[in-house]
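Good morning, and thank you for coming. Please take a moment to look at the model on the screen before I describe its chains one by one.

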Amino acid sequence: MAELSVSTKPGNLLQTRRRVARTLTEPLWIRTLLTVIVIAFIALFLILPLIFIFAQAFQNGVGVYWAAVSSSDALSSITLTLTVLVIVVPINTVFGILLAWTTTKYRFRGKSLVVTLADLPFSISPVIGGLIFVLMFGDHGILGPWLLAHHIQLVFNTIGICIATLFVTYPFVARELIPLMENQGRLEEEASLVLGAGTLRTFFKVTLPNIKWGLLYGVILCSARAIGDFGAVSVVSGHIVGQTNTMPLQVQAFYDGYQMTAAFALSSLMSVVAIVSLALKSYIDWKSTRPE
Amino acid sequence: MSIELRHISKSYGPYQILKDINLTIQTGELVALLGPSGSGKTSLLRVLAGLEYADEGLILFHGEDLTNAPIKKRKAGFVFQHYALFDTMTIRDNIAYGLNVKRRKDRPSKQQIRERVDQLLHLVRLEPYGDRYPSQLSGGQRQRVALARALAIQPHILLLDEPFGALDAKVRKELRQWLRHLHQQVKMTSLLVTHDQEEAFEVADRVIIINKGQIEQIGTPSEVYENPVNSFVYDFIGNVNQVRGTISDGLFTNGSFRVPVDNTEQADGVAFIRPDQFAIRTPDDIQEAGRTLAATVTHIHPSGSIIKLELIGQDEDQNLEVEVTRREFDALALSKNQQVFLEARKVKVFTVN
Amino acid sequence: MSVQSVKRNKARDRQIIPGFGLSLGLSLSYLALLVLIPLSMIFIYTSSLGWGGFVREISQPIVVSALRLSFTTALIASLINLVFGVLTAWVLVRYTFPGRKLLDGLLDLPFALPTSVAGITLATLYATNGWVGRLLPFKVSYTEVGIIVALILIGMPFVVRIVEPVLQNLGKENEEASAILGASRFQTLVHVIFPKIRPAAFSGFALAFSRALGEYGSVVFIAGNMPFKTEIAPLVIMQKLEAFDYDGATSIALVLLVASFLILFLINFSQWLAKRKFADQ
């Protein structure tokens with residue numbers, strides 16, 4: 001104790017800067033260089049195009065922009081896209097939750113196969129996503145003659161667009177939920193059941209509050225894709241302007257017709273939706289990692 | 001290789017985690033750095049290894065100033081609590097890593113490296129496991145690999161950061177004895193960080209008690225256990241009963257319990273008595289009434305060779321713990337709710353600030 | 001199998017949470033109706049062509065050239081994304097600089113932005129009179145380079161998003177151990193850090209490749225779609241469909257589909273391999 005209370009310090013005492021050991025990180029110039037490269041890469045491929053969309057959309061002033069987005073072709077494409085959104089997203093949300101619930105709260109053989117198969121629409125070409133429904137429901141398709149005889153048309157109209165969109169957006173909700181629910185395990189649900197709650201009640205009172213942020217993000221991704229899908233919808237739409245053109249298809253129609261301002265004006269609306277989705281995602285990340 | 005630390009201080013923002021640390025470790029000594037979590041013991045070890053730098057002070061390895069030397073120049077072996085094995089490499093590659101990354105001119109030949117790894121595998125008794133991956137080994141085995149890997153570069157000093165902290169009790173005990181044995185073989189200057197006093201006492205030649213960034217006491221295990229310098233050390237090292245009272249005229253008093261102390265000033269005090277330093281008496285054979293507390297048995301833990309008794313003192317909030325040998329216990333024929341007298345063989349009184 | 005073990009298995013297989021049959025039934029029915037049966041159309045339809053018919057369809061010069069173009073541009077773009085993805089993940093996880101959070105959030109833009117919007121934007125931006133195109137000494141829009149630019153954009157998030165969490169969970173201890181054992185920073189990177197992120201980086205690369213192979217919307221605007229030069233496979237499917245050439249469209253689709261299956265299989269296999277070898281129990 002006596003030795004510890006010595007307060008006079010020796011003259012050769014070294015004052016050293018606080019720093020990180022050199023072999024534990026890269027030299028400053030390398031860190032700076034890498035950071036600059038990454039910022040430049042993201043700026044060139046993401047930020048610049050985003051700015052460009054709005055620059056093009058407003059290049060002839062707000063009046064022209066407004067005229068473009070309120071033209072009848074633009075408005076009918078917006079209406080169609082919203083219709084598809086309202087039909088597709090709720091259905092796939094329900095079935096996405098159901099898939100995640102089935103594959104994480106129960107044990108059964110072939111579970112990982114089911115998860116892999118359900119993820120297929122994510123990794124195959126959207127054009128194939130449209131083609132398969134033409135092969136099923138088109139006039140030359142397997143069910144074609146029967147459908148024709150009963151005057152039922154399931155492709156080249158709004159129904160076809162909805163079916164193809166259901167296909168391409170199917171994995172998004174489950175993709176977000178499965179890892180989340182896997183980590184949470186079954187303990188809380190089992191506790192709820194032991195306390196006498198039924199399966200449905202357990203789901204709404206125990207499971208849902210635990211997954212709400214992941215679910216919200218899944219729904220956002222599902223919606224973004226439902227609005228923006230181009231390949232699959234292209235195949236099954238029939239491309240009738242004012243009737244079966246969704247917003248992305250109308251963008252193409254404007255672009256091919258050299259109506260650049262209109263094309264970019266409509267694009268800017270979808271870009272705003274994309275940016276809002278990203279902001280919501282960041283908010284959800286922040287919210288779900290923050291201690292309650 | 002001796003280690004000397006002079007006036008080492010370090011802080012993170014407003015928190016000073018090391019305050020003017022001075023200590024010397026002799027060549028070949030195994031010293032344990034013992035303290036509660038957050039006491040700064042791991043930071044001190046990291047400063048020694050060069051993973052972090054001190055704000056002030058000097059670090060001397062065998063008299064050479066290495067305060068600001070890079071990690072590599074210190075030639076320290078470091079064993080992490082969670083092993084930090086490279087799990088994409090086999091056990092052999094893990095152990096050989098420090099040799100394989102040497103500059104070409106310093107690097108031993110492939111043949112030499114192989115022989116060295118064989119020796120080390122033998123030393124840590126893991127010869128059959130050389131070609132496995134860390135994930136295929138148990139925790140105790142992994143920690144032995146970590147030790148072999150640290151020894152492969154023939155370090156001048158060995159630093160161990162809670163090396164047995166992640167292992168279960170039985171393996172921990174085995175490894176402790178094994179490490180003691182290993183140290184006797186290699187006689188390398190070693191510093192072991194731990195929060196487990198039993199571990200420190202069993203393994204180390206000397207123990208350094210650290211708390212809130214300051215050294216409280218340095219000594220051999222028996223010195224520290226027998227003569228704790230202050231109430232923190234007394235409390236931290238092993239179980240202890242605390243009896244509160246007042247000090248006046250060179251006497252600590254709690255009811256009829258009176259112990260003479262050196263201090264003549266008026267103050268509040270606490271008497272520390274270890275559970276094994278009580279003798280259980282009947283009213284007839286009390287030898288020194290002033291060192292005796294009346295108490296009632298509330299619980300008996302009858303397992304093991306030492307019987308633990310829980311008692312409650314005359315003032316209701318005074319809980320006491322006493323340990324007696326089974327033979328004593330049988331002779332006394334104690335039962336629950338029985339009133340007894342506890343005579344303290346050894347008491348240490350500290351003033352309360 | 002003895003009677004006893006059969007009994008034990010039955011007890012073990014019983015689900016703890018009620019509703020398993022209904023949940024699984026509904027999930028599988030929906031999966032089958034929406035995904036599996038429609039996808040099987042491709043196989044059913046091509047099998048009706050026979051092997052000879054299939055080979056005849058995909059060996060048409062225009063198809064061969066489109067498939068070759070699709071595979072090479074997808075490969076180049078995803079290799080570029082692999083390098084920049086690992087670099088981006090490293091910088092975003094390990095370094096701090098102003099705007100880091102914003103960049104990290106922006107990286108998901110290719111998932112949220114409609115592909116046709118990306119397509120017309122890149123086509124105009126990289127046209128010879130566009131903001132970027134006029135600064136470059138070579139043509140980008142309406143060439144293979146343009147296709148690669150579009151595929152880089154849409155494949156950007158895959159590698160980053162898979163490698164980021166791996167880097168975050170890596171912890172500092174392994175690097176510290178390596179430094180104490182005498183390794184230089186470069187040796188630590190090569191021997192300790194890269195092996196840890198390799199499986200994740202490979203998965204990200206494979207996913208980006210798979211996505212790039214099937215990409216349509218962002219590419220058709222910038223590619224210029226010149227037969228034998230800048231026509232990608234999904235575009236040829238589209239053209240054959242519009243000409244009611246279902247045999248041709250389906251045959252190309254089968255090639256792309258099989259490639260996607262193979263990639264998925266490779267990803268799962270490599271993850272299983274990595275898990276079996278190195279995973280911490």
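Predicted model: local features only at pLDDT ≥ 70, side-chain atom pairs only at ≥ 80, totals over all residues.

What percentage of the 281 residues of chain C count as buried? The figure is 48%, where a residue is buried if 20 or more other C-beta atoms lie within 10 Å of its own, exposed if 12 or fewer, and partly exposed in between, with C-beta atoms placed from the backbone.

Residues are numbered from 1 along each chain as its sequence is written, and chains are lettered from A and ligands numbered from 1 in the order in which they are written.

Let us stay with chain C. Its secondary structure consists of 12 helices and 0 strands; here helices (H or I, at least four residues) and strands (E, at least two) are DSSP runs, numbered from the N terminus. Chain C has a radius of gyration of 24 Å, well over the 19 Å that the globule rule gives for 281 residues, so chain C is more spread out than a compact globule. That radius is taken over C-alpha atoms, and the rule is 2.2 Å times the number of residues to the power 0.38. Along the principal axes, the C-alpha atoms of chain C fill a box of roughly 65 × 60 × 35 Å. Consider next the contacts in chain C between residues at least 6 apart in sequence: 79% of them join residues at least 24 apart. Two residues are in contact if their C-beta atoms, placed from the backbone, lie within 7 Å.

I turn now to chain A. How many helices and strands does chain A have? There are 14 helices and 0 strands. The radius of gyration of chain A is 27 Å, whereas a compact globule of 292 residues would have one near 19 Å. The box filled by its C-alpha atoms, taken along the principal axes, is roughly 105 × 65 × 30 Å. Of the 292 residues in chain A, 42% are buried. Among contacts in chain A between residues at least 6 apart in sequence, 76% join residues at least 24 apart.

Chain A is assigned domain 1 (21-57) and domain 2 (62-289), with bounds that come from an automatic or database domain assignment. Taken over C-alpha atoms, the centres of these two domains of chain A are separated by 32 Å. Their contact takes 5 residues from domain 1 of chain A and 8 residues from domain 2 of chain A.

How do chains A and C meet? The contact takes 74 residues from chain A and 73 residues from chain C. On the side of chain A that touches chain C, the largest share, 15 residues, comes from helix α1 (residues 28-57) of chain A. That side of chain A has 50 nonpolar, 17 polar and 7 charged residues. In this classification, Ala, Val, Leu, Ile, Met, Phe, Trp, Tyr, Cys and Pro count as nonpolar, Asp, Glu, Lys and Arg as charged, and the others, Gly among them, as polar.

Chain B also touches chain C: 20 residues of chain B are in contact with 18 residues of chain C. The elements that give two or more residues to this side of chain B are α2 (71-74), β6 (76-79) and α3 (91-100) of chain B. By class, this side of chain B has 12 nonpolar, 4 polar and 4 charged residues.

Within chain B there are domain 1 (3-235) and domain 2 (239-351). Their C-alpha centres lie 40 Å apart, and the contact takes 4 residues from domain 1 of chain B and 5 residues from domain 2 of chain B.

Chain B also holds an open sheet of 4 strands, in the order β2-β1-β4-β5, with antiparallel pairing; two strands pair if DSSP finds at least two bridges between them. Its edge strands are β2 (15-25) and β5 (64-65) of chain B, each pairing on one side only. Strand β4 (residues 56-61) of chain B is joined to β5(B) by 2 bridges, and B:Phe61 has B:Glu64 in β5(B) as its bridge partner.

Finally, is B:Asn241 buried or exposed? B:Asn241 counts as buried, because it has 23 C-beta neighbours inside 10 Å. B:Asn241 lies in strand β11 (residues 241-248) of chain B. Not counting residues up to four places away in sequence, B:Asn241 touches B:Ile273, B:Pro275, B:Leu320 and B:Glu321.
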